[in-house]
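Hi everyone, thanks for coming. Let me put the structure up on the screen, and then we'll walk through a few spots together.

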Amino acid sequence: MLKASASAAAIAAITLAASIFTSCEDTPNVGSSLVENSSQIMVFDDFTITGKTVDNPSVQTRNTTQVLGTITADGYGTFSSDFVTEFLPASKIDTHGITLDQVDNLVDSLKIRFYVPVGSTVGDTIAPMGLELYQLGSKLSTPINSNTPVNTEGLKLLAKKVYVCNALGESDSIKKLSYRPIDVKIDDNGKLARQLFRLYLTKPEVFQMPSLFAQNFPGIYVRTSYGSGRVVGISTTIMTMYYHTFGTDEEGKQITHRHEGAYFAVTPEVILNNMIKYTPDQKLKGRLDAGENILVAPVGYDMEIKFPIEEVISKYKENAGNLSVINNLSLDLPAVAIENEYDINPPTNILMVLTKDKEKFFRLSELTDDETSFYATYDSENKRYRFAGLRPYLLKMLEKHNAGTLTPDDYTFTLTPVSVIMETNTNDYYGTGTSYLSAINPYIGNPVMVKLDLDKAAVNFTFSKQNVN
């Protein structure tokens with residue numbers, strides 16, 4: 001365990017005195033009186049945080065981010081990720097009057113586009129890398145997580161692609177896009193496209209339910225075939241179908257009408273899994289062995305800390321007096337970026353959840369409740385994570401302490417990187433919107449890491465007390 005000392009205790013007292021004097025000379029029948037109220041705001045920060053780094057070998061994908069690529073970075077280690085995913089089909093396909101016996105002649109091909117948001121790439125955006133895209137041979141099963149191996153039985157190679165992730169040489173309009181596309185044409189002479197088109201014509205009900213569709217088309221497996229030095233976070237994947245029909249122009253000559261439909265997409269309704277592997281290099285391993293507290297994600301390392309709630313309660317009971325109100329309890333965790341070859345950054349958000357509840361928190365898709373779970377956003381200016389709203393937690397722990405039921409499970413927390421999803425309700429009439437927290441998922445994306453400096457961690461506790469004399 002690493003012991004960290006908070007800054008020296010500080011007690012600030014604000015004394016408010018109000019005296020009411022009634023003159024005996026002015027009012028001879030009334031005796032003099034004195035009422036004095038004193039109010040103090042008590043501030044303490046002399047608490048100790050202890051913690052240790054713990055393994056986090058696997059993570060479950062709970063969003064639509066697909067991570068692809070491999071890097072080896074000095075000061076970090078080696079990271080790689082492939083992925084498997086199902087597709088959600090459109091419930092209705094515009095067949096343009098194509099009948100079953102015309103499918104072979106009129107349905108042409110499929111193309112998959114992976115959308116890589118600008119800024120979601122780690123490593124070299126110029127270096128060419130190769131990918132291979134396979135059709136799965138069987139439906140994906142659950143539960144599934146990052147260390148679940150791919151079932152290679154029945155895999156069918158659909159395409160190969162060499163790609164980069166930049167807009168060099170492209171037009172200004174392309175450079176201004178918020179994403180970089182990776183387009184992969186299914187190279188099977190249109191066989192899969194025709195299979196899916198026939199499926200719609202003969203069993204349209206299959207397109208109404210993702211589970212039924214996955215039984216007929218289990219999805220794809222995408223892996224890096226060669227190259228290293230880049231990892232991309234794919235936000236959206238669309239599979240487009242191309243087909244054509246014939247018509248006549250004004251002169252009665254035959255013309256060809258080209259059609260396309262983005263009928264298949266990776267969405268939250270389908271099963272998606274990133275197969276992630278990570279090995280720290282010797283430099284980072286040495287820091288971990290020396291006892292430094294380091295978070296690495298998506299897989300790698302979490303942290304376990306002991307929150308000093310018993311010390312806080314003790315300080316409160318020693319100093320509260322008869323009339324007191326708890327104002328605030330917060331935790332500041334200094335966060336130090338770790339120098340590395342590819343500028344791998346600190347995670348944007350981290351979750352602090354009771355260790356005993358971590359698995360349940362993600363399994364049940366819970367939100368933070370400010371009593372057993374909290375999240376903080378990285379403050380790049382002050383280089384810290386601040387958990388500001390711990391007052392409800394303290395009140396709950398006071399109840400347990402008074403009942404004699406407070407145990408180490410109540411103050412042993414896990415810190416782990418997460419993805420925080422906010423949604424906005426917009427009022428069309430007033431043109432205003434209200435944002436609210438809609439989901440907290442295990443972090444899936446490009447590699448992140450950060451050192452948490454427990455030696456400088458600060459628990460700040462304030463309460464007010466009043467004495468009437």
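Predicted model: local features only at pLDDT ≥ 70, side-chain atom pairs only at ≥ 80, totals over all residues.

Now let's look at α6 itself, which runs over residues 309–319. The buried residues in this helix are Ile309, Val312, Ile313, Lys315, Tyr316 and Asn319. If you look down the axis of α6, those buried residues fall within an arc of 160 degrees, so they line one face of the helix.

Okay, on to salt bridges. How many are there by the rule we use? The count comes to 18. I'll show you some of them.

Take Glu292 and Lys451: their closest N and O atoms are 3.7 Å apart, and they form a salt bridge. Glu292 sits in the loop between α5 (282–289) and β17 (294–297), while Lys451 is in strand β25, residues 448–452, so this pair ties together parts that are 159 residues apart in sequence. Glu292 is partly exposed, at 22% relative accessible area, and Lys451 is also partly exposed, at 22%.

Next up, Lys358 and Asp302. Here the closest N and O atoms of the salt bridge are 2.7 Å apart. Lys358 belongs to helix α7 (residues 358–363) and Asp302 to strand β18 (residues 300–306), so the bridge ties together parts that are 56 residues apart in sequence. Is Asp302 buried or exposed? Buried, with a relative accessible area of 2%.

Then there's Asp379, which pairs with Arg384, the closest N and O atoms being 3.6 Å apart. Asp379 is partly exposed at 22%, and Arg384 counts as partly exposed at 23%.

Last stop: Ile338. Where does Ile338 lie? You'll find it in the loop between β19 (323–336) and β20 (349–354). Ile338 counts as buried, with 4% relative accessibility. So what does Ile338 touch, if we don't count residues up to four places away in sequence? The list is Gly75, Leu284, Arg287, Ile294, Ile344, Met449, Val450 and Lys451. One more pair to find on your screens: Ile338 and Tyr76 are 262 residues apart in sequence, but 8.5 Å apart in space, going C-alpha to C-alpha.

Notes. Residues numbered from 1 in each chain as written. Heavy atoms only, no water. Buried < 20%, exposed > 50% of the residue type's maximum accessible area, 1.4 Å probe, protein only. Helix = DSSP H or I, 4+ residues; strand = E, 2+ residues; numbered from the N terminus. Arc of directions from axis to C-beta. Salt bridge = Lys/Arg side-chain N within 4 Å of Asp/Glu carboxyl O. Contact = heavy atoms within 4.5 Å.
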